[in-house]
Protein chains: 2
Amino acid sequence: MGPRWKGKGAEAKALADPISTIVSQLQSSLVQSSSQGLLMNSSVLFEADAKQTDLLNRACFGRPVVTAKKDKQWFQLGLEEAFYLFYVLKCIKIVNENNCEIDSEELWMYMTSKKENFPNLFKAYSHLRMKNWVVRSGSQYGVDFVAYRHHPSLVHSEYAVIVLSDNNGETNGRLMVWSDYHCTLRLCGSVAKTLLLLNIDKCGENATLPSCLESYIVEERTITRWSPQQCRENQTIATGES
Amino acid sequence: MGPRWKGKGAEAKALADPISTIVSQLQSSLVQSSSQGLLMNSSVLFEADAKQTDLLNRACFGRPVVTAKKDKQWFQLGLEEAFYLFYVLKCIKIVNENNCEIDSEELWMYMTSKKENFPNLFKAYSHLRMKNWVVRSGSQYGVDFVAYRHHPSLVHSEYAVIVLSDNNGETNGRLMVWSDYHCTLRLCGSVAKTLLLLNIDKCGENATLPSCLESYIVEERTITRWSPQQCRENQTIATGES
């Protein structure tokens, strides 16, 4: 199943404006303005100028928050998004409510305390983001993330992503039984997404420091239904079947 | 969400030909012919005459098996279906491969050995069947059963049924986490079914004999998404919204 572009010209538009370039521009802009985000419960609030607002929207980081201000725009970043801008792109600083800067170890511990599965989820998020996929929450479909080839205004999401981990018997409780697979695959089929399982192999590392991320290995598996009609020997001579 | 009839006249047809009557006729016919089913692995094979074939098809028990015979039709019954005809309707006998009759205790033990969750699944199946719902496998949607108000040729299935049990920490592994609920509800919404959870309270009985079924209590819960738009205070004056 390939990308489903939204209307004519969407693919050309996307090709002319790669996500990688938008993210680089966002990174430079945030570095130049010494941007900082405010850690609040399970999100990070961030005040962006007009240019950054445009870039954040185009790169699909966070959600704009409605305020009375005209020239500045507040964004609410999810934990994975904030940690990606902070730790991978190194373009924002994070402060707490007392305006004190938080270092990476402290932030890691905080995020892990808010979300037990954060190390795996973040590894999966950054794995996809570094390949220039646009990654958004998948809660609407009961999965961890959905991944878009480009901005959601141009293309439908291609992958429904579930993050698993083999280590220490941890699990997110999904896909433990066949009927759960059936349900998830039936849903993915009906919304034209491919189910992508990202299995995080922690290689025996425990997750006390963010540096452990470098040793994590991500295994990618796509799961599709086996269709007897499409798997017959004569499939090589079938024409135009999808 | 009400029943979705298949085309004009389907509802009238269904009303004129209630499932309860069809099942009664089937029951009489099978009793009269001293019918017996052959237990084979996880199904029961059953040879029906022309009238029984018609009634089995109309009541939606089993699947017809293609054979070369013209006047007789073989049916393959699932474990729940076979046990329902045997134990609740008392209209078939079950024999093993040596043509020896199997009694209810032995059959119960066999079925429980084939399917650990059989006592709960059967209680749920018979609960719905006794209320004249047509019950079929829900594996296509990753649920235990789907329930139809009448024959599937006249109406779409209304409920996607998952069977749960509170006792002894048993579970079928479904709906353990929120994301699993999200996934299941999103799927049910997209195929216009209501999610029906049947929780089997065993009241401390263990499941060694089929007579335990009488003490089981079935709790019915339908699960729907909460939609803020439909739950506002002024909903009583809304017109025509569904």
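1. In this predicted model, the C-alpha centres of domain 1 of chain A and domain 2 of chain A lie 25 Å apart. Domain 1 covers residues 17-115 of chain A, and domain 2 covers residues 116-242. To the contact between them, domain 1 of chain A brings 24 residues and domain 2 of chain A brings 26 residues. The area buried between these two domains comes to about 2,200 Å², and carbon and sulfur atoms account for 68% of that area.

2. A reader may next turn to the place where the chains meet. Chain A and chain B each give 17 residues to their contact, and the area buried between chain A and chain B is about 1,400 Å², with 60% of it coming from carbon and sulfur atoms. Which three residues supply more than any others of the area that chain A buries against chain B? They are Cys183(A), Arg186(A) and Leu187(A), which together supply 35% of that area.

3. Within chain B, helix 4 (residues 79-88) and helix 6 (residues 118-130) have axes that come within 10 Å and cross at roughly 65°. Because angles of 65 to 115 degrees count as roughly perpendicular, helix 4 of chain B and helix 6 of chain B are therefore described as roughly perpendicular to each other. The crossing of helix 4 of chain B and helix 6 of chain B is right-handed.

4. The residues that join this pair can be listed from both sides. Helix 4 of chain B contributes Leu79(B), Glu80(B), Glu81(B), Phe83(B), Tyr84(B) and Val88(B), which meet Phe118(B), Leu121(B), Phe122(B), Tyr125(B), Ser126(B), Arg129(B) and Met130(B) in helix 6 of chain B. Sorted by class, the residues in this contact of helix 4 with helix 6 of chain B are nine nonpolar, one polar and three charged.

5. Another helix pair of chain B is formed by helix 2 (residues 19-32) and helix 3 (residues 50-59), whose axes come within 9 Å and cross at roughly 145°. Is the crossing of helix 2 of chain B and helix 3 of chain B left-handed or right-handed? Helix 2 of chain B passes helix 3 of chain B in a left-handed crossing. On the side of helix 2 of chain B, the contact is made by Ile19(B), Ile22(B), Val23(B), Gln25(B), Leu26(B), Ser29(B) and Leu30(B), while helix 3 of chain B takes part through Lys51(B), Gln52(B), Leu55(B), Leu56(B), Arg58(B) and Ala59(B). By class, the residues of this contact between helix 2 and helix 3 of chain B comprise eight nonpolar, three polar and two charged.

Notes
Residues are numbered from 1 along each chain as its sequence is written. Chains are lettered from A and ligands numbered from 1 in the order in which they are written. This is a predicted model: local features need pLDDT of at least 70, side-chain atom pairs count only at pLDDT 80 or more; totals for chains, interfaces and linings use all residues. Side-chain values use heavy atoms; hydrogens and water are left out. Axes are lines fitted to C-alpha atoms, for helices over the stretch in contact, and angles run from 0 to 180 degrees between N-to-C directions. Helices (H or I, at least four residues) and strands (E, at least two) are DSSP runs, numbered from the N terminus. Angles under 35 degrees count as roughly parallel, over 145 as roughly antiparallel, 65 to 115 as roughly perpendicular and the rest as oblique. A crossing is left-handed if the near helix is turned anticlockwise from the far one by less than a right angle, and right-handed if clockwise. Contact means heavy atoms within 4.5 Å. Ala, Val, Leu, Ile, Met, Phe, Trp, Tyr, Cys and Pro count as nonpolar, Asp, Glu, Lys and Arg as charged, and the others, Gly among them, as polar. Domain bounds come from an automatic or database domain assignment. Buried area is the accessible area (1.4 Å probe) that two parts lose on being put together, summed over both.
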